[in-house]
Structures are given as structure tokens and as C-alpha cells.
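Please consult the sequence and the model shown here alongside the text.

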Amino acid sequence: MRTRVLGRTGREVGVVGLGCWQLGGDWGTVGDDTALEVLDAAVGAGVTFLDTADVYGDGRSEKVIGRFLAERPEVAQRVTVATKMGRRANPHEADAYTADAFRAWTDRSRENLGVDTLDLVQLHCPPTAVYSRDDVYDALDALVDEGRVAAYGVSVETVDEALTAIARPNVATVQIILNVFRRKPLEQVLPAAAEAGVGIIARVPLASGLLSGKYDASTQFAADDHRSYNRHGEAFDVGETFSGVPYEVGVEAAREVARHTPQGATTAQLALRWIVDQPGVSVVIPGARTPDQARANAAAEQLSPLDDATLDALRAVYDERIREHVHGRW
């Protein structure tokens, strides 16, 4: 798999990684054996970047990754693991983001992952005010100086939050929602990140599965799947579920996207390839609940770059179906 430098971390990572939220929870049940098989399939297909968080299954996702890497030390040497912190704060308020909290959260993640130093830790979509606080970045710098983390970044909900973080000299990466249905980061965030040398981690690349082209209006999701309980932002930011697009709208738009899938490819691979082709993207992190999904996602990198006719058609779907639902908010 082709590699790119992950921003200011200096690390080379494959352009298609693996998002590991589903290995912890909120996507229906994924057993331990299946989770390990997914990780094995992804790494076997060339994936070298794993993204998790301390709240995914209350640490279960981190622990599964830690177990996998402990059992495969030869893999651990070539894989970069990014985790996130901050959502454990209850209540989730700006004043919870303190140096002491950072140490406690990263110590827990280090234990879960079985490492002395975290490759990359990201603030996990904190309140907007956090991105502008000098003391927050001083505390993050201290984590690096103390050897708890090798580098730090942020995960954001909005363009303005991303731009605020990119302006900070030691922010290594920005993780942001980017897909065929969420294009606004293309306008300012990706160019600003590229100029600053900040890596871009593209999350929710398949719009919570909408862009797999497999769902219709009658699809039912498990009760413990956020695609059931967070469609209107009941539990966390609605943008994390179907990219904030109303489900019925997204299903119809995804059906149109599917019509432009190249021969021999899947609609999900088309959607992932679109992201890989965007200048400034370091890595895209689709999730996978089965080994076959992990291998298919990784294979998206092998597709030829999308031609102008396909790009124009995808843009038209966004302009005609999606823009009014997402552009202003995000």
C-alpha cells in the first residue's frame, strides 16, 4: 500500500487505515475473536494505521488492539496506533481538560494498549473553547516531554475548530469528517493543513455505511448501534452518524453514487478512493466489522484515480441532494 507522512508525527502510514470504534461498541456486537480477525485481515492487507479512543467500549477497543499487537510483535513495529482522550470527562465540559486529567487518561490508554509511549493521542472532539486555550497545549507539550506520548493532535467537528488547531505549532494531526457527502473541509482545512505540515485523518469516510450502497429505507440497525439511537444527535454530535445527513436523504443519494462505481469495484471502494485522491489527506480510516470488509476497504487504494466524469457526477449528487443538509452547519 502507498504510504504518506502523517503530518508532524513524521511517521509513514498507509493511505487506508482502520477505524476501530466498532471493535469497542456502538455498532452492534463484535466479539473478541472477530475483532482480532478484523485487525489481522487489515494488517495483512497493508494497513499500518489504527485509530481508536479510550471511550470505545470503555477501553475495550484499546485493549483488543493491545492484545493483538502483543501477540504479533513483528506487526507492532510497523503499525502506528492513534487513540483519543477527553470524552471520559463527566460532565464533558471545557474545564475538564486539565494537565492532571491528561496524565490520568493517557496512563489508562498506555495500560490498555500495553505501551510506554502512545504513538499519537488526540483530543476527542472537546468543547470548542478548548481548542483556543494556551494551557491545553502546554499540557499536551508536557505529555510529550514526559514521554507519555510521541505526538498529539485533535479530532474536530467543525472547520473553524480545525483551523484553530492547525495554527498551533505542535499539533501534528487533525481528524475530521470527510466524505462524498461532507466536502466543506476541502475548501480551507485541507489547504491550511498542507501548508502547515499537519496531517489529515479522514473519519466517517463511508457516512456510517451509507456510502457502501447496501442500505435502504427498510434497513434496521441494532438497538445498541448509534445508527439507531443517535440519528438526531441524542447521544453525541449528529455529524458522527450518517455524517449528519437525514437517513432517508442519504439512502437516495447513496443510490445515485452507486451508479458511478467503476467496474470490478464496490461503492465503498469508490467512496474511499475519492478521499484518498484529495490533496492533503494523510490517511482515511474506514471501520470494518468483518475481515472481508477490512480487506475490501484496504483494496480501495488499488483503484485507479477517479476520472473527471465520475468526479463531476459525485459533485452533482452532493450539490443537488446533500449540500442543504450539511454545508451551513459544518
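## Surface and charge

The accessible surface of the protein comes to about 13100 Å², and carbon and sulfur atoms contribute 46% of it. Accessible areas were computed by the Shrake-Rupley method with a 1.4 Å probe, and for residues only the protein chains shown count as cover. The structure is a predicted model, in which local features need pLDDT of at least 70 and side-chain atom pairs count only at pLDDT 80 or more, while totals for chains, interfaces and linings use all residues. Residues are numbered from 1 along each chain as its sequence is written, and side-chain values use heavy atoms, with hydrogens and water left out.

The protein carries 34 positive and 48 negative side chains, and the centres of these two sets lie 2 Å apart. Lys and Arg count as positive and Asp and Glu as negative, whereas His and the chain ends are not counted. Each charge is placed at NZ of Lys, CZ of Arg, CG of Asp or CD of Glu.

## Overall architecture

The protein contains 12 helices and 10 strands; helices (H or I, at least four residues) and strands (E, at least two) are DSSP runs, numbered from the N terminus. The radius of gyration is 18 Å, close to the 20 Å that the globule rule gives for 330 residues, so the protein is as compact as a globular protein of that length. This radius is taken over C-alpha atoms, and the globule rule is 2.2 Å times the number of residues to the power 0.38. Along the principal axes, the C-alpha atoms fill a box of roughly 50 × 40 × 40 Å.

Of the 330 residues, 55% are buried; buried means under 20% relative accessible area, exposed over 50%, and partly exposed in between (1.4 Å probe, protein chains only). Among contacts with a separation of 6 or more, 76% are between residues 24 or more positions apart, where contact means heavy atoms within 4.5 Å.

## Helix α11

Helix α11 spans residues 291-298, and its buried residues are Pro291, Ala294, Asn297 and Ala298. These residues cover an arc of only 130° around the axis, which puts them on the same side of α11. The arc is that of the directions from the helix axis to the C-beta atoms. In general, an α-helix has 3.6 residues a turn, so residues three or four places apart point the same way. The buried residues of α11 pack against α1 (32-44) and α10 (267-276).

Asn297, in helix α11, counts as buried at 8% relative accessibility. Apart from neighbours within four places in sequence, Asn297 is in contact with Val16, Leu206, Leu272, Pro286, Gly287 and Ala288.

## Backbone geometry in loops

Most residues other than glycine have a negative phi, and most peptide bonds are trans. Asn90 and Pro91 are joined by a cis peptide bond, with omega about 5°. Pro91 is found in the loop between β5 (80-85) and α4 (99-113).

Cys125 is not a glycine, yet has a positive phi of about 45°. Cys125 is located in the loop between β6 (120-124) and α5 (134-145) and is buried, with a relative accessible area of 9%. Phe242, likewise a residue other than glycine, has a positive phi near 55°. Phe242 lies in the loop between α8 (226-229) and α9 and is buried, at a relative accessible area of 2%.

## Selected partly exposed residues

Val55 lies in the loop between β4 (49-51) and α2 and counts as partly exposed at 26% relative accessibility. With neighbours within four places in sequence set aside, Val55 is in contact with Arg87, Arg88 and His124. Val55 and Gly209 are 154 residues apart in sequence, and their C-alpha atoms are 21 Å apart in space.

Lys63 is in helix α2 (residues 60-71) and is partly exposed, with a relative accessible area of 46%. The C-alpha atoms of Lys63 and Glu111 are separated by 8.4 Å, although these residues are 48 residues apart along the chain. Thr266 is found in the loop between α9 (247-258) and α10 and counts as partly exposed at 38% relative accessibility. Thr266 and Ala300 are 34 residues apart in sequence and 8.6 Å apart in space, C-alpha to C-alpha.
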